[in-house]
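Subject: Structure for your review

Hello,

The sequence and structure are shown below. My notes follow them.

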Amino acid sequence: MSKNQEFVKFDKVDKSYDGKVLVVKDLNLDIAEGEFITMLGPSGSGKTTCLMMLAGFETPTNGEIYLDANPISNIPPHKRGIGMVFQNYALFPHMTVYENLAFPLKVRKISKDDIDKKVDKALSMVSLSGFENRMPAQLSGGQQQRVAVARALVFDPAVVLMDEPLGALDKNLRESMQYEIKHIHESIGVTVVYVTHDQSEALTMSNRIAVFNDGKVQQLSSPDKLYEEPVNSFVAEFIGENNTFGGEVVDLSNGSCKVKLSHGEILANPISVKSKGERTTVSIRPERALINPENKMDNNHAGTIEEVIYHGDHTRVRLNLLGNSEFILKVPNSSKNLDIKLGNKINIGWNSQDARALDPK
Amino acid sequence: MSSETQQILTTDGIPLSVSLKKAERKNKIKAFLLVVPLLLFLIITYILPIGDMFMRSIDDKMVTNMLPKTFTAMEKWDGKEMPPEEVFAGFYSDFKILVQNKEHGKLAQRLNKEKNGFNSIIKKLFRQVQRNKIDEGQSIKEQIMKVHKRWRDVEYWQAIKRTAPPYTTAKYLKGMDMYYGPDGNIMQVEEDRRIHRILWLRTLEIAFFVTLFSFLMGYPIAHLLATLPMKYSNLLMICVLLPFWTSLLVRTASWMILLQQQGIVNDFFVMIGLVADDNRPEMMYNKVGTYVAMTQILLPFMVLPLYSVMKTISPSLMRAGKSLGGTPFIAFWKIYFPLTIPGIGAGCLLVFILAIGYYITPALVGGASGTLISNQIAYHMKTTLDWSFASAMGLMLLTGVLVVYWVYNKLVGVDNIKLG
């Protein structure tokens, strides 16, 4: 059975709350069946609004949302059959874990035996068997989270929405829950739409990530492409660490361009520059710039070390390079003893292919 | 193992529990001193008056103190046949002292309450005593029995004996339209004179319906308050609290202006053609007036606890209920409503208890069929001056409230109450 590539489809969706500002602008987004898609963006970027429109708690101001080719704007939330995990779990505090999980099944008039079976299965899926009679308040944050996930899945919804579900957990628990949710997704193949502002969460879990800013999807692609090949300076800035140079394109020829900075010139990969004379922001990932490179690289510049921060597995070095005093380097600690000392001058090199000339900031 | 049984010492060698107490003592004294003003206030204004009320309500020492020798002699009397000579002798010597102090009238009044007919025979005896007609050398029993035939009736002597104990529960029985019969049995007042029982039932009925109406009206308001955006909810909150800042009398008076037969509400009904001008309905000086005015006045006491509970219910719970497939009604009934029960309990308990003791409003707008037991208490305090009866009814009301509280505790649990 071939998977439906347009299982969930946002078609030219606009949303405004006050009639003055568009929170979501002309959103077009196709989500394939069984996909794990993450909406990533800073707060106020419209990602949660999109999720609420999909769940049915907000109506699009314009445009239509399709679920399995059916328009759903006029279907109330309880008839959409979409599971949802809320930011604060939203477990019913007056019901036991069992009753919480049985709630969606009871309202669907499923027989008692089937309810027992399904609840059992869902609880064992999140490894909480034996917790049926606990009240939510008697569970730890991680356990409550798992109950919320189990409850959103117990009635076999076609789509599960998760609204920053791990936001309230501490770092270690958050990481282990990320893997757990990912594994559950892989084993049951449900379509997941996940909202987060945490980029590392998005990178580890998703098939595809939609980066939101200012009500628009800035880039929709797989995690590796998003990191390696950001299409604009917002994405480059938002995902991972990033060294930037602002300048003017002075030459543009066969797949590379020359950018004039305030102090000197660099070669870069023209992504969104089209002609000479344009302003641009050149973005280089810290790990792509090397100290004293052995191989010949087409960008080679000398910089002064201004700060050294020890991070255990690596050392972060802040340089003043070509007038940019915020240039960051990550030096693995296993590498040969480089002369990294405050105030030293060192030689930095990178390939013009890795220096992406994007839109100006 | 032995270390567990050993006393733990501080570094100074003092047992740990002793030095802990010492360290805590100062704080405990400080905390107690802070509470003392309130404690004194409560004792002086609340506990002592209630104790005084209780003593008044059961006090029956008057006759006991007036006829000490009679009652001493009566201890040997079996109370079935005519009392022996000693009882008459004791009664005569007690009565002489009363005549000297001019207190025989009080005795007549009190004994007449116990049994009709005492008034005249005591007056007759008084005249005999005043004229020194009783010869102390002869049998006093014979002479007193000659004064009036009722003195020969054993029932009157039984009635005197019944007033012997210094305490009585008669006032409480009276509050329930009952009294002690001639042989000490509890009897019912004749059917057409049972006014108190009707008042008790009406008080309960009005308190119940006022609570119900406040709940039905307060629940949606509280929900709106809890879910509206701040700028609107503040305005609505002021509307809810406004009655609190207005004098109770002013509010009641405005209800009178609104509800009377030539009042604004009736005018409006006539204007829109709901009722004929010559057939304006009575909305005041009956139960309707009491219901309307009391519900409005007590509504904030329902709204505020409900609001404080609803404010804590996350809106995502309702959303979760809906996204899991519950219709809006199921989501409300299975999720929202159960979570508001602590607020419902607190609001209903508050309104019910306040309504049960309400006084001014029913007195002003209730008319004859809308007055409550507290109006009766006030009547006895101010008009008949039967303070002991008023005290007894006040205590019965207090007991009723405590019973309501107890039942509520059994059903919902007081720990679940949330007042804010």
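Conventions first: residues are numbered from 1 along each chain as its sequence is written, and chains are lettered from A and ligands numbered from 1 in the order in which they are written. This is a predicted model, in which local features need pLDDT of at least 70 and side-chain atom pairs count only at pLDDT 80 or more, while totals for chains, interfaces and linings use all residues.

Chain A overall

The secondary structure of chain A consists of eight helices and 20 strands; helices (H or I, at least four residues) and strands (E, at least two) are DSSP runs, numbered from the N terminus. The C-alpha trace of chain A spans about 75 × 45 × 40 Å along its principal axes. Chain A has 361 residues, of which 38% count as buried. Buried here stands for 20 or more other C-beta atoms within 10 Å of a residue's own, exposed for 12 or fewer, and partly exposed for anything in between, with C-beta atoms placed from the backbone. Among the contacts in chain A with a separation of 6 or more, 65% are between residues 24 or more positions apart. Two residues are in contact if their C-beta atoms, placed from the backbone, lie within 7 Å.

Four residues from domain 1 of chain A and six residues from domain 2 of chain A make up the contact. On the domain 1 side, these are two nonpolar, two polar and no charged residues. For these classes, Ala, Val, Leu, Ile, Met, Phe, Trp, Tyr, Cys and Pro count as nonpolar, Asp, Glu, Lys and Arg as charged, and the others, Gly among them, as polar.

Strands in chain A

Strand β1 (residues 8–16) of chain A pairs with strand β4 (residues 62–67) of chain A in the antiparallel sense, over five bridges. Pairing requires that DSSP finds at least two bridges between two strands. Within this pair, A:Lys9 has A:Tyr66 in β4(A) as its bridge partner. β4(A) also pairs antiparallel with strand β5 (residues 70–71) of chain A, over two bridges, and there A:Leu67 stands opposite A:Asn70. Two residues separate β4(A) and β5(A) in a hairpin, and A:Asp68 in the turn has a positive phi of about 55 degrees.

Further along, five strands of chain A form an open antiparallel sheet in the order β15-β19-β16-β17-β18. Its edge strands, each pairing on one side only, are β15 (290–291) and β18 of chain A. Strand β16 (residues 299–310) of chain A runs antiparallel to β17(A) and is joined to it by seven bridges, with A:Gly303 opposite A:Leu321. Strand β17 (residues 314–321) of chain A in turn pairs antiparallel with strand β18 (residues 324–332) of chain A over seven bridges, and A:Val317 stands opposite A:Leu329. β17(A) and β18(A) form a hairpin with two residues between them, where A:Leu322 in the turn has a positive phi of about 50 degrees.

Cores

The largest nonpolar core has 93 residues, and A:Leu54, A:Leu161 and A:Val193 have the most contacts inside it. A nonpolar core is a set of buried Ala, Val, Leu, Ile, Met, Phe, Trp, Tyr and Cys residues joined through C-beta atoms within 7 Å. Helix α4 (residues 141–153) of chain A gives the largest share of this core, six residues. Leaving out residues up to four places away in sequence, A:Leu54 touches A:Val8, A:Ile65, A:Ile82, A:Leu161 and A:Val193. Another core, of 45 residues, lies apart from it and includes B:Trp255 and B:Tyr307.

Chain B and the interface

Chain B is assigned domain 1 (2–47), domain 2 (61–164) and domain 3 (195–416). The centres of domain 1 and domain 2 of chain B, taken over C-alpha atoms, are 62 Å apart.

In helix α8 (residues 140–147) of chain B, the buried residues are B:Ile140, B:Lys141 and B:Ile144. Seen down the axis of α8(B), these fall within an arc of 100 degrees, so they line one face of the helix; the arc is that of the directions from the helix axis to the C-beta atoms. They pack against α5 (85–101) and α7 (118–130) of chain B.

Between the chains, 15 residues of chain B are in contact with 19 residues of chain A. On the chain B side, α16 (315–323) and α17 (328–356) each supply at least two residues, and α16(B) gives the largest share, six residues. By class, the chain B side has seven nonpolar, six polar and two charged residues.

Regards

Methods: Domains from an automatic or database assignment.
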